[in-house]
Amino acid sequence: MSKKVITFGEIMLRLAPEGYYRFVQADTFGATYGGGEANVAVSLANYGFDAKFVTRLPAHEIGQAAVNSLRKYGVDTSYIARGGDRIGIYFLEKGASQRPSKVIYDRAGSSICTASASDFNWKEIFDGAEWFHFTGITPALNDEVAAICLEACKAANEMGVTVSCDLNYRNKLWSKEKAGQVMGGLCQYVDVCIANEEDASDVFGIKAADTDVTTGTVNHEGYKDVAKQLADRFGFKKVAITLRESISANDNNWSAMLYDGSDYFFSKKYKMHIVDRVGGGDSFGGGLICASLNGYDSQAAIEFAVAASCLKHSVEGDFNMVSMDEVLKLAGGDASGRVQR
């Protein structure tokens, strides 16, 4: 029987101009769906897990379309509460060369933002589950959703469910001060923390020495210190830090580090030419959860997670449409991109 994983957050309607058109040029917008924790659930379903995504969506047809987008890839949607008037929307303009990508949110008053604690029976949801994942985007929505997150974390802890959190700081949703305060409370219940170069600094004021993400220089020793400080402060069993070196909007170097409380493990580095980077961090989280639940050792786990995420950058849309075999092949060293026939 496949292992049961729960993720909780908001799934949004993504509207994006075709190709590299700017918003002001666009006559049409392509419609897809995505969101941090939903993206993780799709990854895990693709890897063969019993992935269940929890949220609240309106009962109308657009809400149903979002549900269907998850079902299409095998995600269990039976714990999605229905109610409220609207689905959150985000607009994406893809960057190219030295022009960065842009995201505009239209998510105020969405169904998840008007949810209440009574919408979710966490004891029932976590029955038989092995893992619970959320991101810092979800508690950023408002105080009520943050309280629901806290309730979920407490229930998961009581039921012996491993909890992971991707810090995922979004300055368009809340201030650094508020993020530090709320996430500090939630992180007391987290076993596995995922962060990028900036999250630990933005949320908890923990900075890596001699690193400048805008110039694409990453100092490995500095991130060892960041991971250890995070683990020491909150008691995390593991801390994973993704290391993105942005050469341009199209070309990034991509690697990561895993700290397991005693040792540090660095993945190989991939030179990526990017098709779509939204959901890249979520695909890393999905890969790390998969590797952990499959009992991979720390080096194999970080290699799998980084390979999964590297492949996601080649896939249009939020969801990572790759299989276990494809990730294992890349993690094992086959990065040629040659035609398979």
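Let's start where two helices touch: Asp-143, Ala-146, Cys-149, Leu-150 and Cys-153 on the helix 4 side meet Lys-178, Val-182, Gly-185 and Leu-186 from helix 5. Sorted by class, this contact is made of 6 nonpolar, 1 polar and 2 charged residues. Keep in mind as you look around that this is a predicted model.

How do the two helices sit against each other? Helix 4 covers residues 143-158 and helix 5 covers residues 176-186, and they pack at an angle of about 20° with their axes 10 Å apart. Angles under 35 degrees count as roughly parallel, so that is what we call helix 4 relative to helix 5. As for handedness, the crossing of these two helices is right-handed.

The largest nonpolar core has 57 residues, and the members that touch the most others are Phe-120, Trp-122, Phe-126, Phe-132 and Phe-134. Helix 4 turns up again here, giving this core its largest share, 8 residues. There is also a second, separate core of 54 residues, with Ile-274, Phe-284, Phe-319 and Ala-331 among its members.

Setting aside neighbours within four places in sequence, Trp-122 is in contact with Phe-8, Val-54, Ile-148, Glu-151, Ala-152, Ala-155 and Met-159.

Let's follow one of those partners, Ala-152. Ala-152 is in helix 4. Is Ala-152 buried or exposed? Its relative accessible area is 0%, and buried means under 20%, so Ala-152 counts as buried. Ala-152 and Ile-125 are 27 residues apart in sequence, and their C-alpha atoms are 9.4 Å apart in space.

For our last stop, go to Lys-238, which lies in strand 12, residues 238-246. Lys-238 has 27% relative accessibility and so counts as partly exposed. Which residues does Lys-238 contact, leaving aside neighbours within four places in sequence? They are Asp-191, Val-192, Cys-193, Leu-258, Tyr-259, Asp-260 and Ser-292. Take Asp-191 from that list: along the chain, Asp-191 and Lys-238 are 47 residues apart, while their C-alpha atoms are separated by 6.6 Å.

Methods. Residues numbered from 1 in each chain as written. Predicted model: local features only at pLDDT ≥ 70, side-chain atom pairs only at ≥ 80, totals over all residues. Heavy atoms only, no water. Axes fitted to C-alpha atoms, helices over the stretch in contact; angles between N-to-C directions. Helix = DSSP H or I, 4+ residues; strand = E, 2+ residues; numbered from the N terminus. Parallel < 35°, antiparallel > 145°, perpendicular 65-115°, else oblique. Left-handed = near helix turned anticlockwise from the far one by under 90°. Contact = heavy atoms within 4.5 Å. Nonpolar A, V, L, I, M, F, W, Y, C, P; charged D, E, K, R; others polar. Core = buried A, V, L, I, M, F, W, Y, C linked by side-chain atoms within 4.5 Å. Buried < 20%, exposed > 50% of the residue type's maximum accessible area, 1.4 Å probe, protein only.
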